[in-house]
Each structure stands twice: as C-alpha cells, then as structure tokens.
Amino acid sequence: MELNMILKKKKEYLINYGVFFLLLIPITYLNWYLFYRQSVRLNDLFHSDMYAYTMYLKGNVYNITVPYPIFFFTEKVIYKLFFRNHFLGAELGTAIATLIYEIFGLIVSKVVLDFLLLDTVKQKFKRNHEIYGGLFISFLALAINYVSMLFLTGNKLGFWRYRFSGVYSPNLWHNSTYITAKPFTILAFLSFVILFERIIEKRDRLFDYIFFSVSLSVSTLAKPSYTIAFGASAALLTLVILIIHGKATILQDVYLFISTVPTLAILVYQYLDVYLHSSRDEDGGLGIAFALIWGEKCNNIPMAILMACFFPLISLLFNAKRLKSNIGYLMSWIQFIFAALMFLLFYEKGFKIHDGNFQWGYCHSLFFLFFMSLILLVEDSFSSAEKTSKGKVAIAIQWIAFLMHLIAGIAYYASLMTGVVYS
C-alpha cells in the first residue's frame, strides 16, 4: 500500500512537471524571438536596455560600473565559450543569458507555488484527477510572470504619456538585470517569510538562516534595487514583531542579523562603487527631491499606482484583516510602501539622473503584491470552508481584476513582439 502511494506520487510529480516543461517550449521560443531582436535592435526597432548590455560586452561603453555582476558574467561566459568568433557573438551572449534567467524565473515560480498551494488545490479535485491541480498551478506560475500594468490604447493616455514608463509593471521584458534578479528575489522573499514564521514558532533551523542568507546575497549581486526595499521592510518587521513584542529570543535575533551580514557587505561595496563614484565632469551620489524622476513620466502618480496595482488593491479591500495574521501579505505591502517612497524621494545624481533606477525596486515590490494577493485568492477559492454569497462575489471580483492585468500583460507582450518601444 505504501509502495503504491510512493509510485503514485512520483507519477503525479513526473506528469506535473512534464506538462509544465511542455508549456515552456513555446514560451521559450517566443522569449528567444523577443530577446534576440532586442539585443540586435533589429531594423532599429525592439528598443530595450539589452542593446546597451551588448555594447558593454563589446567594450564600446566606458565609465560605467556594474557591481552586480551575475548577468554580465553569464553573458560574457556564453560569448567567450560559444560565440567568440561569431559576428553577432555579443548579441547572442546577451540574448541567451537573458533567456536563461527568464526561464529560470518561470521554473522558480512553479516550484514555489507548488510548495505553497498544490496540496490546497488538489483537495478540490476528485480522486485520480489530482494532476489537474498541478496543471492549474502551472498556468498560475506562467500567469504571474505575464501580468502587467493596466493601460489604454493610443499614444496619449491622458494622465501619462506612455504605457510602462510612469505607471510601471511587475514584469519587465526590456531589462536583463531585472529579469536576472527576479528568481532570486522570489527565493529571498519566501525564505525570509518562512524563517520569520519559524522563529516565532521556535521551529527555526540553521538551514533556514543559510538559505535566506544565500538567496538574499545572490539577489543583491544580480541587482540591488529590490534588496533596499526588502531590507527596510524586513528590518521594520523584525524590530516591531521579534524585538519589541518579544516574539524571538536574543539568540534568534543575533542569528537573523548574522544571516544579513553578507548582503550588507555587498551593499556597502556597491554603494562605494556606484553612488560615490565620480567622474571629471559630474559627481555621483544620491539626491532628494519629491517626484523629480517619477513626475517626468507621469502627471498623476496616484492614478498610475492604481493602474499598476489594481488587483492587489482589490485584494486588500477584501483581505485587510489578514495583514495581522499573514506575514507574507503584510511584508509585501510594507515593502511596496517603502519602494514607492524611495522612488518618490530619491534619485541618482550625475549622468544616471534620468535613468530612474529606483523604479526597479518599485517594480519588484509590485510583483510581490501580485504574488501574495494571488496566493490568498487561490487559498480562498479552493478552501474547503463553505462560502457565503458575499464571499463568492468577493472571489469573483478578485479573479476578474487579476485577469484584467493578465490580458493587459499579454497584449503588452504581443506589442513588444512587433518591435514597439517598451515605454
């Protein structure tokens, strides 16, 4: 009997991930189509940051420091090993490296959502149909990586001039370092939430601290933008819940701090290398001014926020009480607030002033708002508890809001495939 159960679970596992990887085949091809053309900037279309990464790999860009080396190291290795003598070797290196991390992000999303939701979802399917639960989670893992900001058609959108710029999105297709960081940010976020909960329950293990420490460090080496918002929100939660309210022992607090030391060291190095970097012509560093950069792209920031996170706001409307009991949900909203404030207040001086690099932390925070709101929605939808008419309406409204972002995201992705400028 026990052997049959083991064999059944292995079969479900193989079918689950077999179907998922089949779904990845057309997605991999489409992403390759997009990333290659962005790297080449084919016919002067397909504009993205990847063209600059290609120029950097060729050695045509100078006076730029990149102390977040993971993507640049990957593209360089691919270029040197396989395409050194190819006339489009740098472009191929950039495109393939971007594709690798995009697909890795989809796989991480699938594994994480299976870990969090698969048992809950499977309970709703009849015996011998549990595999449908895995298929449903596979679609969710893809969907969460395709949702975008809501936008209107046309060039002039009233409150802002662009689709992406000024509104921003949880998913980007034009910035390789953001794409590279995303799978590691997912692991860092999830590992912190799990560790935090286990500290409160006094079930924390050495492995939990190590996994969190490594995930956050690698995320920071990929792109430090998310780490800043994450660190501020994690520090606030730790101070209020673990220290002030005494939910952790002093030894646990010390272990948690030690697990962040590698990341703090990396951030110090990055700060010294970038924000204090200066040239003969311009000084670097941080500046403070309200909406200096965000306001360039958007005349109505509150409306832009609504269009960017309509689904999470609808989720919050029905789930505000769960902020007290769900650490992950609370964390997602706190880091969103920190990321939004940082983007509103801070900017980089010098030649990077108009790059708006604090937007990346804001975009990462948007992703986790969608991520946690979707998890709550799936849990409510597949809960065994009987639902009232009011509860069913709330669930339906949230699914409609999520699908609005998904449809917008697919439309946005399709437009990029034609070479339209990402902004």
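What pLDDT does the protein average, and what share of the residues score at least 70? The model is predicted, and local features need a pLDDT of at least 70, side-chain atom pairs count only at pLDDT 80 or more, and totals for chains, interfaces and linings use all residues. Residues are numbered from 1 along each chain as its sequence is written, and side-chain values use heavy atoms, with hydrogens and water left out. The average pLDDT (the predictor's confidence in each residue, from 0 to 100) is 90. At least 70 is scored by 92% of the residues. Confidence is lowest in strand E1 (residues 286–288), with a mean of 83. It is highest in helix H12 (residues 310–319), at 98. Helices (H or I, at least four residues) and strands (E, at least two) are DSSP runs, numbered from the N terminus.

Two helices were compared with their expected span, which is 1.5 Å times one less than the number of residues. Helix H7 (residues 206–222) has 17 residues and should span 24 Å. Its end C-alpha atoms lie 25 Å apart, which agrees. Buried residues (under 20% relative accessible area, with exposed over 50% and partly exposed in between; 1.4 Å probe, protein chains only) of H7 include Asp208, Tyr209, Phe212 and Leu216. Helix H14 (residues 359–381) reaches 33 Å from its first C-alpha to its last, close to the 33 Å expected. H14 is mostly covered, with 21 of its 23 residues buried.

A pocket is an open set of points with protein on both sides within 12 Å along at least five of seven lines; in a cavity, a 1.4 Å probe fits but cannot get out; lining residues have an atom within 4 Å of a point. Points are joined across faces, edges and corners, and a volume is the space filled by probe spheres set on them.

The second largest pocket has a volume of about 370 Å³. Of its 18 lining residues, Gly231, Ala234, Ala235, Phe257 and Thr260 are the closest to its centre. H7, helix H8 (225–244) and helix H9 (250–275) each supply at least two lining residues. H8 gives the largest share, eight residues.

The whole structure holds two cavities of 30 Å³ or more.

Note on methods
On a 1 Å grid over the protein atoms alone, a cavity is a set of points where a 1.4 Å probe fits but cannot get out, and a pocket is an open set with protein on both sides within 12 Å along at least five of seven lines; lining residues have an atom within 4 Å of a point.
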